[in-house]
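Try each task before you read its solution.

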Amino acid sequence: MGSATAPTSPNALCFSDGLPSTGLPCHVEISADGLTVRFDEHNGLGEVNLPFRALSVSAGGLNHDQLVVRWGTAPSTQTVYLKDPSLIRTFRSAAPPELMKELDATAAAVRRARSRNRMAWGITAGAIGALMMGIWFSMDLLVGWAVDRIPLDWERRIGESAYQDFLIQHPAVKDGPAVAAVQEISERLIAHIPGNPYTFEVAVVKSEVVNAFALPGGYVVVFTALLQQAENAEEVAGVLSHELNHVLERHALQRIVKQLGLVTTVGIIIGDQQGLARVMKQIGVELLSLKFGRSQETEADVTGLQLLHRSHIDPSGMVTFFQRMTQKERGGVEWLSTHPMSAGRAQRLEAEIASLPKTAAEPFTFKWNTVQDALRPVAVRG
Ligand SMILES: [Zn+2]
């Protein structure tokens, strides 16, 4: 082979005036006397022998975990960065104590800076955490604040478009005993809502699905299968009263504000009319599959029972209907998927009924079996 220097793989990076600004890989060897820096023989730089007394050291690199060895005098200083921990250990054990004093001072400064950084980060993380907790706790308050500022005609427009879309797909029953009965029950309830800002519309829709729902702005839909399953008018009144109270408590709007996010909602309230048009379409579709939260259901239950009581309608109909539907556990009872009758819910309802002062119920003008007869499919003669 003939070459005086054996090829060695680079273990450090050298910097100096004549070298690329990104550094040139080099090989460093440490002996008792000092440092030997050897470059690849092809670039003709050969090797440099440096006694320890010619060197100065500092900590370097992004994480200050590299040993920077410097020699020469300005402007022709040269540096080599040692990254390999075992190479750095070898350097430390071979170097005279005077040289290492300098490095230890640097290392101590780096450790102090790191610890300050850690503390600063700790404080920042703590502050962010506290802020998030604050936002979390005040979120319901903020949602309430935004909902209170949604104008009534806004709410009506949102609800009405979803209601009309639904009725195109499922035409409302125009007249007959069922429609008249639902109207009478609704009117009795609505008449007992103090300071009612809504003009409620209640539609009866022919469907095999046992369901009823209310949309923002006061649009209520009752399915014929629910009327068929009800054993008396008080049970229907229980469902209607619950649904009316979802509207009165603006539960759908609370869900919408939470889904849209507060920033979007506040922007719309402040007057982003285009934003309103954009979200109206989206909301309209989602309203029909909107699920209320558990606390909203409890609120609709409790205020619903109170409304039944004020309207002189026996409030136990709400409980008996839910319980019977749960016991049946048959398909098609859509209402139960959004209103599961848990033991806790039954207990709350019964406790609430027990707490209401006793009053005599006023009967309705219709006979419930007449209503049900009218809903029964007419037998086709063979
Ligand atoms: Zn509900």
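Axes are lines fitted to C-alpha atoms, for helices over the stretch in contact, and angles run from 0 to 180 degrees between N-to-C directions. Helices (H or I, at least four residues) and strands (E, at least two) are DSSP runs, numbered from the N terminus. This is a predicted model: local features need pLDDT of at least 70, side-chain atom pairs count only at pLDDT 80 or more, and totals for chains, interfaces and linings use all residues. Residues are numbered from 1 along each chain as its sequence is written, and side-chain values use heavy atoms, with hydrogens and water left out.

**Exercise 1.** Describe how helix α4 and helix α14 cross.

Step 1. Take α4 (residues 177-191) and α14 (residues 368-375). Their axes come within 8 Å and cross at roughly 135°.

Step 2. Classify the angle: under 35 degrees is roughly parallel, over 145 roughly antiparallel, 65 to 115 roughly perpendicular, and the rest oblique. α4 and α14 are therefore oblique to each other.

Step 3. List the contact (heavy atoms within 4.5 Å). P177, A178 and A181 of α4 meet T370, V371, A374 and L375 of α14.

**Exercise 2.** Classify the crossing of α7 and α10.

Step 1. Helix α7 spans residues 251-260 and helix α10 residues 294-310. Their axes come within 11 Å and cross at roughly 170°.

Step 2. The two helices, α7 and α10, are therefore roughly antiparallel.

**Exercise 3.** Find the bridge partner of C14 in β7.

Step 1. Two strands pair if DSSP finds at least two bridges between them. β1 (residues 12-15) and β7 (residues 78-82) pair in the antiparallel sense over 4 bridges.

Step 2. The partner of C14 is V80.
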